[in-house]
Amino acid sequence: MCSSDPPAALDAASRAFAGAWPATSATERGRTLIRVATGIRARAEEFAVLEARNAGKPIGDARWEVEAAAATFEYYGGAVNKYLGEVIPVSEPGLDVVLREPVGVCALIVPWNFPLLITSWKAAPALAAGNPIVIKPASLTPLTALLLGEVLVDAGLPPEAVSVIPGPGRTIGDLLTGDPRVAKISFTGETATGAQILRTSSDNIARVSLELGGKSASVVFADADWMRAADETVMAVFGNTGQDCCARSRILVQDSVYDDFVSRFADATRALTVGAPLDATTELGPMISAAQRRIAQDYVGIGVEAGAELVTGGEVPDACDPNGFFLTPAVLAGVDNSMRVAREEIFGPVASIIPFRDEADAIEIANDTPYGLSGSLWTRDLGRGIRVARAIRTGVLSVNSNRSVRTETPFGGYKHSGLGRELGPHAMDHYTEVKNVFFSAE
Ligand code: NAD
């Protein structure tokens, strides 16, 4: 149901938890989720156009995200009856088994940058495990979550097990996270909001998982195919107009190839097409709001004032609709890791390129951040790849690639980037309680 009333949604979810959904067999729950995937695909273009309008993202990206959301429901639909318990060989005569049971009402709180996709990362494993869900989309981007609510109910989920509550974060969020009927909170958003949610939910001992901010590094060694790294890293920082928690917004480049890298990266940046979301040629759409664009522009100034060189970008493009919050992607070179542009999450199209000397220097700079979400490492030296991959403290790292997210693998952060992991089999652990049962044979 769509509701503007968190207590009513939580009443409905509590009834659903006492009702049929948690008791439905894992196989039947799985079939229902597969029908959700089919339902999303049947309305894929409607979802994609709505998401492009919702979040201002290029239609090509929106289509990819809609398919990825469908694939997430398909994955957990297929996984749920293979999520096995355990038999423990205890020393007493009898049989000891570990059961996985649904945790209870789950509040799923979602940001505005990937509205449908991040909702699916939370809703699919929560429902697969037998829980009722209450989805709170970001107030700027409620539309695709509301459409997903329709698809979930059409696929056969009990209406009381699914609520979508659009509205302001502070009021609706506090009502959800402070309510004792909520057993589990899954949040994606800013680190400061995550810390606030830990405080609000602490009296209720709610289970909390947090996917938070990032300031990820792409580390490019001189022995790598650094030209490929330069070309591919452009979208790894500017994709979604830089409004991506996984953005490689710090690009660490070994000093012997630094100048050539900066020049190639800047050329590739200038070649990006900034434009309207529904234009199929657009690579970067507008930013989400005037306020978010102002923040990004201010950071460009902060970087230049601290001594960085603005190589390109950071301007409002003349060719774009003045009603949109467009900004050309900005490249800052000569950045030192102590500057604010290298330390703070900008969440906009601003890349900081930082030189390093050797392996030890690269590891030290990469780890010198409060965050630890994502990152890349570019080298042709296998031994170095193993050493540096193990030394960087981050939840997700790709070697000679910029992909961070795969439906089948765990995703989440170290340090201030979060608690717990989404996606893959690991996500099921957040949405289940572990029960140990011993059957005496005496
Ligand atoms: P945000 O923290 O402002 O809001 C996220 C959600 O929380 C929204 O639905 C918002 O309405 C709600 N909210 C706000 N205050 C709340 C409160 N007190 N209690 C409960 N809910 C509240 O974040 P945002 O601006 O929407 O998203 C950008 C941030 O999200 C960035 O920091 C980004 O790095 C992070 N992010 C992280 C990941 C990840 O997987 N780690 C993915 C996407 C975005």
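A pocket, found on a 1 Å grid over the protein atoms alone, is an open set of points with protein on both sides within 12 Å along at least five of seven lines. A molecule sits in a pocket if more than half of its atoms lie within 2 Å of its grid points. Here, the ligand sits in the largest pocket.

This is a predicted model, in which local features need pLDDT of at least 70, side-chain atom pairs count only at pLDDT 80 or more, and totals for chains, interfaces and linings use all residues. Residues are numbered from 1 along each chain as its sequence is written, and side-chain values use heavy atoms, with hydrogens and water left out.

**Around the ligand**

Val110, Thr193, Leu212, Cys245 and Glu345 come nearest among the 28 residues around the ligand (a heavy atom within 4 Å). Helix 8 gives the most to this shell, with four residues (helices are DSSP runs of H or I, at least four residues; strands are runs of E, at least two).

| Residue, polar backbone atom | Distance to ligand oxygen |
|---|---|
| Ala138 | 3.5 Å |
| Gly169 | 3.4 Å |
| Gly189 | 3.4 Å |

The protein buries 92% of the 850 Å² that the ligand exposes when taken alone (Shrake-Rupley method, 1.4 Å probe).

Three antiparallel strands form an open sheet in the order 1-2-16 (pairing takes at least two DSSP bridges). Strand 1 (86-88) and strand 16 (432-440) are at the edges with a single partner strand each, so one side of each has no neighbour in the sheet. Nine bridges join strand 2 (residues 94-102) to strand 16, and Pro102 has Thr432 as its bridge partner there.

Notes: Polar contact = N/O pair within 3.5 Å; in protein donor to acceptor, adjacent residues only side chain to side chain. 1 Å grid on protein atoms, 1.4 Å probe; cavity = no way out; pocket = protein on both sides within 12 Å on 5 of 7 lines; lining within 4 Å.
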